[in-house]
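Me: Please examine the following model with me, and set each structural term against its definition.

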Amino acid sequence: MFKFFTFVQILKKAKHFRFLERVVMLNVAAGVGMNSAMDDMSMIPQAQRHHLVMREIGEEIDLEIGPGEDDPSFGNTPLVGAPLRESSSAEEHGESKQRVMISQICNDVQDMSKTQSGKRKKKVVKRWRDEWADTYKWAYVDMKDGTARIFCSVCREYGRKHRRNPYGNEGSRNMQMSALEEHNNSLLHKEALRLQMASKEKIIVDKPVHIKAVMSKTAGSILEATLKRDAHEVEFIQAVQEVVEALERVIAKNSLYVNIMERLLEPERMVVFRVSWVDDRGETHVNRGFRVQFNQSMGPCRGGLRFHPSMNLSIAKFLGFEQTLKNALSPYKLGGAAGGSDFDPKGKSDNEIMRFCQSFMSEMYRYLGPDKDLPSEEMGVGTREMGYLFGQYRRIAGQFQGSFTGPRIFWSGSSLRPEATGYGLVFFAQLMLADMNKDFKGLRCVVSGSGKIAMHVLEKLIAYGALPISVSDSKGYLVDEDGFDYMKISFLRDIKAQQRSLRDYSKTYSRSKYYDEAKPWNERCDLAFACASQNEIDQSDAIQLVNSGCRILVEGSNMPCTPEAVQVLRKASVLIAPAMAAGAGGVVAGELELNHECSLMHWSPEDFESKLQEAMKQTYQRAIKAATDFGYKKESPEALVHGAVISSFLTIAQAMTDQGCV
């Protein structure tokens with residue numbers, strides 16, 4: 001009896017009194033004497049290890065966690081590993097008395113501890129369990145050294161960051177939440193969580209299983225290795241997948257390209273830095289800056305700067321990768337780079353943008369130079385921003401490189417640099433139509449976006465006799481059934497310069513209409529120009545394009561189609577002009593500016609357009625030739641896409657081979 005009350009005192013001091021109650025009850029039910037239970041206290045930490053039946057798996061796994069008093073179901077959950085033994089009728093009466101006594105004692109202890117546990121919020125624990133239930137969907141069970149373990153379905157690993165509570169058996173709620181945060185933020189598990197979100201948000205990135213089904217084992221292994229290393233970088237993985245798919249036949253013919261591709265997929269240099277700036281009210285803000293110099297085997301880097309709230313390292317790598325291939329495909333051999341910041345220029349004053357650009361360049365200038373890297377315009381970075389960036393670069397570096405900014409005619413360079421990319425898209429589409437014995441006259445064209453590229457596409461389409469009918473912004477799209485003309489384009493530019501909505505256009509032109517939260521791909525058209533942003537065309541948009549009669553899609557932005565959209569367009573035999581080839585106009589203009597002769601004179605519009613057309617023709621022919629060399633028919637939907645990638649990659653691969661393992 002003395003030992004029994006000693007054990008009661010231990011129970012009062014124990015944190016998990018209900019857990020100990022279950023231990024004692026199991027000992028009694030199993031025929032173990034009370035004295036032996038009290039003497040052998042080492043059974044308590046062993047009993048704290050319980051088993052959890054995982055959903056959709058049907059196998060019991062040791063998670064090394066004691067839920068403690070916050071688990072409402074714990075009192076009714078039997079402990080696995082202590083099987084109950086049938087008791088005789090003679091033992092039941094005495095054992096029932098002991099159970100009543102223990103129950104009363106534990107109830108007293110529970111009443112005493114209510115004041116301590118009353119402040120705990122069980123909703124937090126419930127949310128913790130719900131989140132972990134979702135996490136388990138991306139796990140599987142396997143045996144390791146004779147013990148069943150939970151493995152991450154992506155990284156195929158288990159361990160400290162993959163256990164439910166890596167901090168021990170106490171089951172403290174703070175520790176549990178810390179464990180959850182650590183697990184969800186771990187690099188190994190981000191891909192599993194990303195796939196879960198992708199299934200909800202329809203952001204599709206093909207998984208390794210899908211790749212194995214459509215690709216050779218060698219090509220699929222390249223993408224699997226990239227997925228394991230950069231699993232959380234959605235945009236970059238999507239770009240790599242498209243390139244690897246296009247290179248499948250190339251890699252099959254020469255296995256040495258596998259190693260070159262693995263080196264190519266790792267950027268030479270990635271710079272991430274802090275950008276601190278002060279607004280007009282004197283408040284300090286912090287943004288993040290990026291510059292990815294992807295590959296310089298062909299020459300010094302060239303690539304744009306993007307200022308947009310969605311900017312991150314994944315987008316910077318994807319843009320740099322695309323720019324590397326685009327520069328290699330152009331007549332001028334250059335390296336590729338990209339960068340920018342998550343800074344949003346919209347709604348900022350000129351002084352605020354100037355202060356941000358100066359702070360941005362104060363960090364990035366050391367990585368720039370005529371023989372290293374020269375940035376160019378991209379989304380959110382126009383003439384104003386490039387002027388501020390150049391001014392700070394000139395002041396710090398002590399060098400005057402006029403082509404750094406490009407658009408400023410009175411500094412240096414050609415007079416048509418801003419128009420080069422948009423005009424080049426139309427020139428490329430004209431070459432495609434010529435192969436089909438057609439021209440632009442009378443064709444209905446749908447254009448997305450309303451920035452610099454989209455506006456210049458409208459200009460050149462009008463010049464060629466086409467009928468452009470739409471533009472768009474982040475909130476919707478504008479359609480004019482009468483088509484745009486030069487006066488209407490000038491009015492659109494005024495609206496954008498004043499940061500007004502495209503809806504104001506319909507107040508002046510009654511035949512036009514603005515649609516909120518919609519895209520222009522359901523409008524009847526012959527050609528479509530995607531000039532907004534990446535992944536702007538998903539599977540449903542592609543179906544609308546096909547049903548609208550579209551026969552050619554010209555990619556004005558980098559990677560505007562999701563993988564599902566590409567499959568829909570190919571099945572419908574819609575020709576795709578890849579941005580890698582069609583968007584080379586900006587590269588051509590930049591290199592013409594860097595030419596010494598160009599820097600000493602101003603090109604006339606006619607001369608510049610003539611050189612731009614010739615460069616786009618060479619790019620088109622190189623893509624077609626590479627496609628036919630590897631068995632793609634000229635009229636097939638994937639010919640231009642695969643041909644552009646093949647031609648670019650072979651050029652870069654030759655340079656990387658000649659320069660050795662660098």
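**Helix packing and strand pairing**

Reply: D350, I353, M354, C357, Q358, F360, M361 and S362 of helix 15 touch R384, E385, Y388, L389, Q392, Y393, R395 and I396 of helix 16, where contact means heavy atoms within 4.5 Å. The model is predicted: local features need pLDDT of at least 70, side-chain atom pairs count only at pLDDT 80 or more, and totals for chains, interfaces and linings use all residues. Residues are numbered from 1 along each chain as its sequence is written, and side-chain values use heavy atoms, with hydrogens and water left out.

Me: At what angle do the axes of helix 15 and helix 16 cross, and why is helix 15 called oblique to helix 16?

Reply: The axes of helix 15 (residues 350-364) and helix 16 (residues 383-397) cross at roughly 45 degrees and come within 8 Å. Axes are lines fitted to C-alpha atoms, for helices over the stretch in contact, and angles run from 0 to 180 degrees between N-to-C directions. Angles under 35 degrees count as roughly parallel, over 145 as roughly antiparallel, 65 to 115 as roughly perpendicular and the rest as oblique. Helix 15 is therefore oblique to helix 16.

Me: What makes helix 18 roughly antiparallel to helix 19?

Reply: Helix 18 (residues 452-463) and helix 19 (residues 486-497) pack at about 175 degrees, with axes 10 Å apart. That angle makes helix 18 roughly antiparallel to helix 19. M455, H456, L458, E459, I462 and A463 of helix 18 meet Y486, I489, L492, R493 and K496 of helix 19. This contact of helix 18 with helix 19 holds seven nonpolar, one polar and three charged residues.

Me: Why are strand 12 and strand 14 said to stand at the edges?

Reply: Three strands form an open antiparallel sheet in the order 12-13-14. Strand 12 (470-473) and strand 14 (512-516) each have a single partner strand, so one side of each is left without a neighbour in the sheet. Neighbouring strands of this sheet are turned by 15 degrees against each other on average, direction ignored. Helices (H or I, at least four residues) and strands (E, at least two) are DSSP runs, numbered from the N terminus.

Me: How do you know that strand 13 and strand 14 pair?

Reply: Two strands pair if DSSP finds at least two bridges between them. Five bridges join strand 13 (residues 476-480) to strand 14, and L478 stands opposite Y514 in strand 14.

Me: How many bridges pair strand 15 with strand 16?

Reply: Four bridges pair strand 15 (residues 527-530) with strand 16 (residues 552-555) in the parallel sense. L527 stands opposite I552 in strand 16.

Me: Why is the contact of K317 with D230 called a salt bridge?

Reply: A salt bridge is a side-chain nitrogen of Lys or Arg within 4 Å of a carboxyl oxygen of Asp or Glu. The N to O distance between K317 and D230 is 3.2 Å, so the pair qualifies. K317 lies in helix 14 (residues 313-329) and D230 in the loop between helix 10 (217-229) and helix 11 (234-246), so the pair ties together parts 87 residues apart in sequence.

Notes
Nonpolar A, V, L, I, M, F, W, Y, C, P; charged D, E, K, R; others polar.
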